[in-house]
Amino acid sequence: MVRQQLSKSRRIFIRREKMRIRKNISDKIEQKKQITAIYEKFGISILESKEVTKDTKTVK
C-alpha cells in the first residue's frame, strides 16, 4: 500500500482541527467521528487497527 503524502499546510490544518476537537468535545466516540470526517474530507483512509505479529522462528 502506498502512503499518500499530504502538503505541509494540510498536515498543519488537520493537526489543529484535531486539537480543537479534543479540547471542545469530551465524548471520545464523538471525537473519533469528527476526526474521521476530517480525514475523509481530504480523501484519506484510516486503518482502524494495526495488527502486529511477531515471528518467533527467527528470534533467538
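Student: What does Arg-20 form a salt bridge with?
Tutor: Arg-20 pairs with Glu-17 in a salt bridge, and their closest N and O atoms are 2.9 Å apart. Bear in mind that this is a predicted model.

Student: How many salt bridges does the count come to?
Tutor: The count is one salt bridge.

Student: Where do Arg-20 and Glu-17 lie?
Tutor: Both are in helix H1, which covers residues 8–24. Three residues separate Arg-20 from Glu-17, about one turn of the helix.

Student: Switching to packing. At what angle do H1 and H2 pack?
Tutor: About 165°, with the axes of H1 and H2 10 Å apart. Helix H2 spans residues 28–41.

Student: Roughly parallel or roughly antiparallel, then?
Tutor: H1 and H2 are roughly antiparallel, because angles over 145 degrees count that way. The crossing of the two helices is right-handed.

Student: Which residues make the contact?
Tutor: H1 contributes Phe-13, Ile-14, Glu-17, Lys-18, Ile-21 and Arg-22. From H2 come Gln-31, Gln-34, Ile-35, Ile-38, Tyr-39 and Lys-41.

Student: And by class?
Tutor: The contact of H1 with H2 has six nonpolar, two polar and four charged residues.

Student: Back to Gln-31. Buried or exposed?
Tutor: Gln-31 of helix H2 is buried, since its relative accessible area is 8% and the cut-off for buried is under 20%.

Student: What does Gln-31 touch?
Tutor: Leaving out residues up to four places away in sequence, Gln-31 touches Ile-21, Arg-22, Ile-25 and Ser-26.

Student: How far apart are the C-alpha atoms of Gln-31 and Lys-18?
Tutor: They are separated by 8.4 Å, and the two residues are 13 residues apart along the chain.

How values were computed. Residues numbered from 1 in each chain as written. Predicted model: local features only at pLDDT ≥ 70, side-chain atom pairs only at ≥ 80, totals over all residues. Heavy atoms only, no water. Salt bridge = Lys/Arg side-chain N within 4 Å of Asp/Glu carboxyl O. Helix = DSSP H or I, 4+ residues; strand = E, 2+ residues; numbered from the N terminus. Axes fitted to C-alpha atoms, helices over the stretch in contact; angles between N-to-C directions. Parallel < 35°, antiparallel > 145°, perpendicular 65-115°, else oblique. Left-handed = near helix turned anticlockwise from the far one by under 90°. Contact = heavy atoms within 4.5 Å. Nonpolar A, V, L, I, M, F, W, Y, C, P; charged D, E, K, R; others polar. Buried < 20%, exposed > 50% of the residue type's maximum accessible area, 1.4 Å probe, protein only.
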